[in-house]
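Dear colleague,

I am handing over the structure that we talked about, and below it you will find my notes on what turned up. Please keep the structure open beside the notes as you read.

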Amino acid sequence: MGDDRWPRWPARSAGVRRPRRGGVWRLVPSWRMVLGAGVAAVVLSVGALVAGYLLVEIPEPKSAAAAQANVYLYADGSQIAAVGEVNRANVALEEVPEPVRYAVLAAEDRDFFDASPVDLSAMVRAGWNMLRGGGRQSGSTITQQYVKNYYLDQRQTVSRKVKELFIAVKLGRELSKEEILQGYLNTSYFGRNAYGVQAAAQAYYGKDVGELGVAEGAYLAALLQAPSVYDVVADPGSTGRAVARWEYVLDGMVSQGWLAPGEREALEFPRPGPYEPPDLLSGERGYLVEAVRGELTGRGVLGEDELAAGGYRITTTIDPVRQEALTRAVEEQVLDGLGSEPPDSYLRVGATSVEVASGEVVAMYGGRDYTEQFVNNATRRDYQAASTFKPIVYAAALEHGAETVDGERIGPGTVYDGSSGRTVVDRDGVDTGWAPENEGGRDYGPLTVAEAMDRSVNAVFAQLGEDVGADRVRETAVALGIPEEVPGLAQARGSISLGTATPSTVDVAQVYAALARQGVFREAVLVREVSRDGEVVPLPEPAERRAVSAAVADGVTAVLRGVVESGTGTAAGSAGRPAAGKTGTAEEDRAAWFAGFTPELATVVAVFGQDSETGEQQSLYGAAGQERISGGGFPALIWGQYTAAALRGLPVAEFGGAAERVPPGGEDGGGDEAGEGEEADGGGTGGGGRSGEVSPSVVPSPSEPSEPSSPVPSSGSAEPSSGPVPSRPPGEGEPPVAPSREPSPPREGADDPAEGPARES
């Protein structure tokens with residue numbers, strides 16, 4: 001506490017310095033009536049403030065024993081979980097190291113010791129924003145936040161804000177700044193069910209608050225703004241945001257003279273330890289609760305502090321029957337056959353199923369047990385999406401009327417060179433220096449876009465993406481449902497076409513649901529209703545927009561039907577329904593995906609490789625006795641079994657006429673791909689991918705056909721496959737995606753320094 005490195009902690013304050021207020025009215029005789037009305041309004045306002053100050057008393061503190069649980073319900077009203085245990089251990093301010101106190105001030109209220117207990121200008125801005133229907137905004141000082149934590153409820157209402165103001169003013173006169181800060185540190189919510197800085201120190205670092213270092217204290221201070229957003233263990237994809245917030249806190253400490261610049265530069269981000277949730281969140285329940293909490297806070301329905309206060313009844317969109325079907329499919333197709341040692345122990349499964357018509361998430365699989373693995377595999381954003389991005393590239397080509405280098409309009413019958421390692425050329429026909437390989441270096445020779453989608457040929461889609469343009473691909477991805485903040489999306493250039501971005505299964509499900517909805521994006525939601533004490537909390541309308549034309553969406557669907565019927569995703573045919581989809585396999589088998597849809601459901605299944613001890617991504621070669629794990633294997637098998645069960649008893653729905661299956665070779669498609677309002681499978685034979693390479697009138701067979709290595713039930717069977725997993729899953733020949741590490745430098749003459757050699761699916 002007496003370390004000379006630190007500025008002396010302010011002497012115990014006797015009161016609060018109040019800013020002086022004043023001004024001069026410039027009187028204009030013709031405005032006398034207006035002035036009189038203004039004076040009257042001021043008098044009334046002052047009178048109201050005085051009356052409010054006199055009438056509003058400081059209430060008794062809220063009792064922790066009175067804290068209520070939040071009840072989470074399935075769509076049918078049955079209970080998922082009731083969460084409401086209070087984890088708090090109060091400490092004296094002297095027990096909190098000075099650097100930790102300064103970090104909190106730097107994060108939340110840098111003028112705490114010099115300013116008024118209320119910030120009227122910030123409150124007015126926040127109130128005006130709320131009245132206009134804008135986002136939630138606190139506009140609160142530390143004193144106001146303490147009042148809210150200790151004396152009031154967490155509801156963002158005008159009456160509660162008025163009470164908060166008067167209580168904060170009175171509290172500022174009756175308590176010292178140190179007493180207020182101590183109360184704030186002991187009542188604030190830090191995430192991980194931790195109330196107060198002592199509980200937070202244990203939850204994140206397994207130590208008492210007095211043992212925290214500067215870097216650790218700054219991270220806990222950063223969490224105060226939005227704990228779930230900055231927990232890098234719960235959401236590995238949030239690391240960039242968390243580090244930026246942590247650096248903001250440290251920079252604030254330096255700017256206030258609370259931390260030496262040299263010491264600040266020497267600090268490294270202190271990654272917190274794993275979280276051990278309470279047993280009441282064991283099994284799958286914890287993943288569902290965590291995902292729902294993330295949606296409520298992320299969409300501005302409730303704040304972290306409001307949820308922490310409890311008392312909410314939250315009805316989700318999860319269908320318990322379909323949830324059980326998804327879990328059963330994961331267990332029967334994968335988990336039940338795994339051993340306890342690597343590489344079997346590395347295997348993780350995540351899945352999300354969205355109802356096409358409503359956009360509601362009807363089933364989600366985040367993992368086997370939330371108390372053993374805190375990370376939700378369905379919502380995590382740290383594994384490459386691989387070839388599940390290729391339909392987005394094709395959609396962008398159709399939507400923008402893209403042409404090949406030869407000037408031919410791109411369509412399902414457009415012929416490209418599928419030779420592995422073929423150098424991609426730009427719009428002027430100049431080599432870019434980027435030459436991605438197909439799996440195993442396999443050369444396919446000339447083949448159509450439809451065939452390339454069936455076989456997931458990297459060489460074709462790398463050139464196709466270049467013909468469309470990375471910016472257009474990115475624009476189409478965002479329009480269809482990939483959030484702009486997804487890691488790797490903004491930075492990717494040509495490699496965006498091969499799936500180097502890392503969206504979650506929820507993000508990808510939004511995209512495929514939009515295709516099934518004939519090009520209309522509708523935000524996927526997990527919450528149907530929220531209420532507290534019988535009062536319904538308003539929910540924002542899910543975002544909805546036309547992402548691509550109906551003709552374009554149908555054109556993509558037509559091609560994707562071939563992937564299920566005769567391409568790398570034939571295992572998904574066990575659903576026994578008309579289906580469209582795409583497989584994806586990441587470099588070194590670190591992830592494998594199947595994203596597909598019927599007219600009713602869009603479901604995405606992903607298998608990830610991760611070391612549970614270190615958190616590092618791992619290859620899945622040899623897992624479950626398989627030589628390798630591909631998107632056409634376990635993910636497609638899970639998808640097929642789940643979809644069959646989820647739709648059992650419902651009439652078979654067909655895709656629209658414009659989404660008819662494109663025959664092998666793309667005979668029905670061609671270079672004149674339709675725009676909005678036209679037929680999506682227009683005629684013609686299509687042009688070549690590189691000038692002078694391919695004769696568009698000839699569509700030769702690929703040099704090595706990609707056949708599934710084991711049979712699957714015919715499309716006429718409605719029953720899922722429940723037999724043993726084949727020794728080599730269908731889709732074995734699918735190429736993997738490029739590694740997330742920095743790619744090798746391109747060959748001389750490249751115009752895209754971000755590209756290097758890649759082997760992607």
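Arginine 561 has a relative accessibility of 8%, and because buried means under 20%, arginine 561 counts as buried. Please bear in mind throughout that this is a predicted model. Arginine 561 belongs to helix α20, which covers residues 550–566, and its C-alpha atom is separated by 9.8 Å from that of threonine 598, a residue 37 positions away along the chain.

Just after α15 comes glycine 401, which takes a positive phi of about 60 degrees.

The aromatic rings deserve a section of their own. A search of the whole structure finds 15 aromatic pairs. In one of them, the ring centres of tyrosine 219 and phenylalanine 269 are 5.4 Å apart and the planes stand at 90 degrees, so this pair is edge-to-face. Tyrosine 219 is in helix α8 (residues 214–223), whereas phenylalanine 269 is in the loop between α11 and α12, and the pair therefore ties together parts that are 50 residues apart in sequence. Tyrosine 219 counts as buried, at 0% relative accessibility, while phenylalanine 269 is partly exposed, with a relative accessible area of 24%.

A further pair is made by phenylalanine 594 and tryptophan 639, whose ring centres are 5.4 Å apart and whose planes are at 70 degrees, so that this pair, too, is edge-to-face. Phenylalanine 594 lies in strand β13 (residues 591–597) and tryptophan 639 in helix α21 (residues 634–646), so the pair ties together parts that are 45 residues apart in sequence. Both phenylalanine 594 and tryptophan 639 are buried.

Returning to tyrosine 219 and phenylalanine 269, you will find that they form one aromatic cluster together with Tyr204, Tyr205 and Trp246.

Finally, which residue has its charged end over the ring of phenylalanine 112? Lysine 177 does, and its charged end sits 4.6 Å from the centre of that ring. The charged end of arginine 532, in turn, sits over the ring of tyrosine 312, at 5.3 Å from the ring centre.

Key:
Residues numbered from 1 in each chain as written. Predicted model: local features only at pLDDT ≥ 70, side-chain atom pairs only at ≥ 80, totals over all residues. Heavy atoms only, no water. Helix = DSSP H or I, 4+ residues; strand = E, 2+ residues; numbered from the N terminus. Buried < 20%, exposed > 50% of the residue type's maximum accessible area, 1.4 Å probe, protein only. Phe/Tyr/Trp six-rings, centres within 6.5 Å; stacked < 30°, edge-to-face > 60°. Lys NZ or Arg CZ within 6 Å of the ring centre and 35° of its normal.
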